[in-house]
Amino acid sequence: MTTETYRPRRSVLYIPASNDKALAKIATLACDAVIIDLEDAVAPADKSSAREKLAGIFAKRPVANHDGRRCEMIVRVNALASEWGTDDLLAMAKCEPDGILLPKVDTPRDILEVGDVLDDNFAPDAVKLWAMIETPKAMLNIGAIAELGRDLASRLTCFVAGTNDLIKETGVLVTPDRRYLVPWLMQMLLAARAGGLDMLDGVSNDFRDLDAFARECAEAAAMGFDGKTLIHPAQIEAANRAFAPAPEAVAEARAVKDAFALAENAGKGVLALNGKMVERLHLTQAEKLLAKAAAIGA
Ligand code: COA
Ligand code: MG
């Protein structure tokens, strides 16, 4: 995440590609991005018809969602190794979504192979790759997968925690505070940062319990996540709030920026501000936070 290219991904809503009613709502939603799903949310019998529909949706993609910003449009395809994977990718090379989310990524090779298919089919460089981190193998290979983020040609820009699959594959017990999942989530976060990638938290299945959802968002924001993947429009508002910089943090960032801008501090590497040490690294951090606040109008 650099200040120049910052784009908010606080709230990223899955929409099954087979659900026309939900798809028709995209332009009215306040989420930062949508992930139109061809994978787990679409039954095998509906895969082809769901895929064919996407050409029409991308031909008239919404220019802006309701607060005037364009909603990023991502498509989750089926794994390349599945019977639908290649057809999904060929269709995406034509649709040109902002990103393609790859499920069941185990190794860096899984991403490189998809990149080759996109390159061979002339998908523009602007079509990025996002990776689901949802298998034990991905957890063991996480550093090598994330490293691809340092190579622009790989297209990789974002990790998405696939907590439901990770729970299924490992048998880990789910508690309200996710205490047994948190070590893996933090490992994903660390790897994502090492590779310069954005990192999104997994979904909360209980979409009627918005208090529990808000708590989970607050915890994910505290862990350093950029945003959360969502399953229901009712979850958008809380995610937008939780992953936006707090007003106090914005005020503090402004104070740091102003302090370093003073003529008397021009050559200084370290200052005292309200009884606390601030260094130039804090200035960089403050500038990032202010750019983020500006991008979301906070
Ligand atoms: N995106 C956009 N709109 C959605 C939506 C979504 N993910 N989920 C629900 N809606 C809409 C419904 O179309 C409905 O619209 P209406 O009022 O015009 O009829 C409204 O929100 C209320 O829906 P509700 O009745 O509360 O939910 P539901 O019982 O119809 O659906 C789910 C519940 C979980 C099946 C549905 O939210 C869903 O499919 N979520 C995404 C699942 C998914 O993609 N999973 C894969 C990744 S984990
Ligand atoms: Mg999954």
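A: Arginine 155 lies in the loop between α6 and β6. Helices here are DSSP runs of H or I with at least four residues, strands are runs of E with at least two, and both are numbered from the N terminus. The model is predicted: local features need pLDDT of at least 70, side-chain atom pairs count only at pLDDT 80 or more, and totals for chains, interfaces and linings use all residues. Residues are numbered from 1 along each chain as its sequence is written, chains are lettered from A and ligands numbered from 1 in the order written, and side-chain values use heavy atoms, without hydrogens and water.

The phi of arginine 155 is near 70°, a positive value in a residue other than glycine. Arginine 155 is buried, because its relative accessible area is 3%. Buried means under 20% relative accessible area, exposed over 50%, and partly exposed in between (1.4 Å probe, protein chains only).

Arginine 150 sits in the loop between α6 (142–147) and β6 (156–161). With a relative accessible area of 54%, arginine 150 is exposed. Its C-alpha atom is 30 Å from that of threonine 170, 20 residues apart along the chain.

Asparagine 274 also has a positive phi, about 50°, although it is not a glycine. Its place is the loop between β9 (270–273) and β10 (276–279). Asparagine 274 is exposed, at 74% relative accessible area.

Now the metal. Glu134 (OE) and Asp165 (OD) coordinate the magnesium ion (ligand 2) at 2.0 to 2.1 Å. Glutamate 134 is in the loop between β5 (128–133) and α5 (136–140), and aspartate 165 is in helix α7 (residues 163–170), so the pair ties together parts 31 residues apart in sequence. Donors are N, O and S atoms within 2.8 Å of the metal (3.2 Å for Na, K and Ca); water is not among the atoms, so sites may look incomplete. Both glutamate 134 and aspartate 165 are buried.

Threonine 135 lies in the loop between β5 and α5. It counts as buried, at 10% relative accessibility. A polar atom of its side chain is 3.0 Å from the backbone nitrogen of alanine 138.

Arginine 9 is in the segment before β1. At 9% relative accessibility, it counts as buried. Its side chain makes a polar contact with that of glutamate 72 (2.8 Å). A polar contact is a pair of N or O atoms within 3.5 Å; within protein, one must be able to donate a hydrogen and the other to accept it, and residues adjacent in sequence count only if both atoms are side-chain atoms.

Last, ligand 1. Of the 15 residues around it, Tyr14, Lys21, Lys25, Ile231 and His232 come nearest. A residue is near a molecule or strand if one of its heavy atoms lies within 4 Å of it. β1 (11–16) and α1 (20–23) each supply at least two residues of the shell around ligand 1. β1 gives the most, with four residues.

A polar backbone atom of tyrosine 14 is 2.8 Å from a nitrogen atom of ligand 1. For isoleucine 231, a polar backbone atom is likewise 2.8 Å from a nitrogen atom of ligand 1. An oxygen atom of ligand 1 lies 2.7 Å from a polar side-chain atom of histidine 232.
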